[in-house]
Amino acid sequence: MRGKLKVYTGPMFAGKTSTMIQELEKYDEFVAFKPNMDNRYSEEKIVSHDGNGIQANSIPTDELIHIIKSLEYDGISAVGFDEAQFFDDSLIDAVDHVLECDTDVLVSGLDLDFRRENFGCMYELIKKSDEYEKLLAKCEVCGSNAEYTQRIIDGEPASYDDPVVLIGAEEEYEPRCDNHHVLSGEMDSNYEDILSDIG
Ligand SMILES: [Zn+2]
């Protein structure tokens, strides 16, 4: 028997974490993991915007596969991964291992980064999933369905070429619809595509 893979994606503020928490709580016994960017181990609460929370193990990404393979799955019916876009490719092997132990896997994470490009191995997981839900947020500008995450640096829309980590800058993220997602620099690459199409 093989477990089921359930993936919840969408932009920021779409309720990905709270959906995963609600689904995890339907299982008798579950464990949850999230990547720790500071490369430390800790026990942390995953809390969604509606205040729902569960205990999770915050772990260094390069320890993931070792931790997952050393778990005893007899009493565990599901394993959750939050902010899964920040795990490296080893998440794919980790997920496969859990599924082979007849344990369900629930994954929550951003499918697209602020550049609207695939984030981490989320796309791979969507392709492998048995159940997949793309959640939407409300556009901060017009209130319609938002599927993108707008990055704002020092009050201005981030451009395509801005580095992911900026020291000393004031950064914000907002959900935006297709009409209101702004990405300067992206226009240049589209323009190049148009030029190359024309030949
Ligand atoms: Zn909008």
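Me: What makes glutamate 83 buried or exposed here?

Reply: Before the answer, keep in mind that this is a predicted model. Glutamate 83 has 21 other C-beta atoms within 10 Å, and a residue is called buried at 20 or more, so glutamate 83 is buried. Its place is in the loop between strand 5 and helix 3.

Me: What is there to say about the phi of glutamate 83?

Reply: Glutamate 83 has a positive phi of about 50°, although it isn't a glycine. Most residues other than glycine have a negative phi. Aspartate 102 is another non-glycine with a positive phi, of about 60°.

Me: Where is aspartate 102, and why does it count as buried or exposed?

Reply: Look in the loop between helix 3 and strand 6. Aspartate 102 has 12 other C-beta atoms within 10 Å, and the label "exposed" applies at 12 or fewer, so aspartate 102 is exposed.

Me: And aspartate 161, how do you know whether that's buried or exposed?

Reply: By counting again: aspartate 161 has 11 C-beta neighbours inside 10 Å, so it counts as exposed. You'll find aspartate 161 in the loop between strand 11 (156-157) and strand 12 (171-176). From aspartate 161 to aspartate 111 it's 50 residues in sequence and 19 Å in space, C-alpha to C-alpha.

Me: What makes up the largest nonpolar core?

Reply: The largest core has 29 residues, and those with the most contacts inside it are Leu91, Val95, Val105, Val107 and Leu125. Among the elements that each supply at least two residues are strand 1 (5-9), helix 1 (16-24), strand 6 (104-108) and helix 4 (122-128). Helix 3 gives the largest share, four residues. In soluble globular proteins, nonpolar side chains tend to be buried together.

Me: What does leucine 91 touch, if you skip its neighbours within four places in sequence?

Reply: Leucine 91 is in contact with Leu64, Phe81, Ala84 and Cys121.

Me: How do you know whether the radius of gyration agrees with a compact globule?

Reply: For 199 residues, a compact globule would have a radius of gyration near 16 Å; the chain has 18 Å, which agrees. The C-alpha trace spans about 55 × 40 × 35 Å along its principal axes.

Me: Which domains does the chain have, and how many residues link them by contact?

Reply: The domain assignment gives domain 1 (5-135) and domain 2 (145-198). Between them, 10 residues of domain 1 are in contact with 11 residues of domain 2. On the domain 1 side, seven are nonpolar, one is polar and two are charged. The C-alpha centres of the two domains lie 26 Å apart.

Notes
Residues are numbered from 1 along each chain as its sequence is written. This is a predicted model: local features need pLDDT of at least 70, side-chain atom pairs count only at pLDDT 80 or more; totals for chains, interfaces and linings use all residues. Domain bounds come from an automatic or database domain assignment. Two residues are in contact if their C-beta atoms, placed from the backbone, lie within 7 Å. Ala, Val, Leu, Ile, Met, Phe, Trp, Tyr, Cys and Pro count as nonpolar, Asp, Glu, Lys and Arg as charged, and the others, Gly among them, as polar. The radius of gyration is taken over C-alpha atoms; the globule rule is 2.2 Å times the number of residues to the power 0.38. A nonpolar core is a set of buried Ala, Val, Leu, Ile, Met, Phe, Trp, Tyr and Cys residues joined through C-beta atoms within 7 Å.
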